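Hello,

Here is the structure I said I would pass on. My notes on what was found follow below it.

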Amino acid sequence: MKVNPMKLMQLRGLEDQFKKNHPRVEPFFAAAAAAVDEGTVIDVTMTTAAGDTLRTNLRVSAEDMEMIQKLKEAGE
């Protein structure tokens, strides 16, 4: 897979702006990543600008933990 360095630089700028606009998101995900273990229920709710609500949840399995661990290692 070929990576475009210019696109990466653009993404980095967008990421920095997102973090500036939403400073509590990154610490939340860091805390959640540290606390997740097998059996944890992750519940996600989104309310659209029109007021519609979308919701889903999942219970973390042993297989999920393997993927989560690999993602943590990739981020180090």
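Arg 12 forms a salt bridge with Asp 16, with the closest N and O atoms 3.8 Å apart. The model is a predicted one. Arg 12 and Asp 16 are four residues apart in helix α1, so about one helical turn separates them. Arg 12 also forms a salt bridge with Glu 15, where the closest N and O atoms are 3.1 Å apart. This second pair lies in α1 too, at a spacing of three residues. An α-helix has 3.6 residues a turn, so residues three or four places apart point the same way.

Arg 12 is partly exposed at 47% relative accessible area. Asp 16 is partly exposed at 39%, and Glu 15 at 34%.

Lys 19 forms a salt bridge with Glu 26, at 3.6 Å between the closest N and O atoms. Arg 12, Glu 15, Asp 16, Lys 19 and Glu 26 are linked in a network of salt bridges. The structure holds five salt bridges.

Other points:

- Nonpolar patch: Met 1, Val 3, Leu 8, Leu 11 and Leu 14 form a patch on the surface, with about 620 Å² of accessible area together. Val 3 sits in the segment before α1.
- Aromatic pair: the whole structure has one. It is formed by Phe 28 and Phe 29, edge-to-face, 5.4 Å centre to centre with 70° between the planes. Phe 28 is exposed at 55% relative accessible area, and Phe 29 is exposed at 53%.
- Helix α3 (residues 62-75): one of its 14 residues is buried, so the helix lies largely in the open.

Regards

Conventions: Residues are numbered from 1 along each chain as its sequence is written. This is a predicted model: local features need pLDDT of at least 70, side-chain atom pairs count only at pLDDT 80 or more; totals for chains, interfaces and linings use all residues. Side-chain values use heavy atoms; hydrogens and water are left out. Buried means under 20% relative accessible area, exposed over 50%, partly exposed in between (1.4 Å probe, protein chains only). Helices (H or I, at least four residues) and strands (E, at least two) are DSSP runs, numbered from the N terminus. Patches are made of residues with over 30% relative accessible area and no salt bridge: like charges are joined within 9 Å, nonpolar side chains (Val, Leu, Ile, Met, Phe, Trp, Tyr) within 5 Å. Accessible areas come from the Shrake-Rupley method with a 1.4 Å probe; for residues, only the protein chains shown count as cover. A salt bridge is a side-chain nitrogen of Lys or Arg within 4 Å of a carboxyl oxygen of Asp or Glu. Rings of Phe, Tyr and Trp (its six-membered ring) pair if their centres lie within 6.5 Å; planes under 30 degrees apart count as stacked, over 60 as edge-to-face and the rest as tilted.
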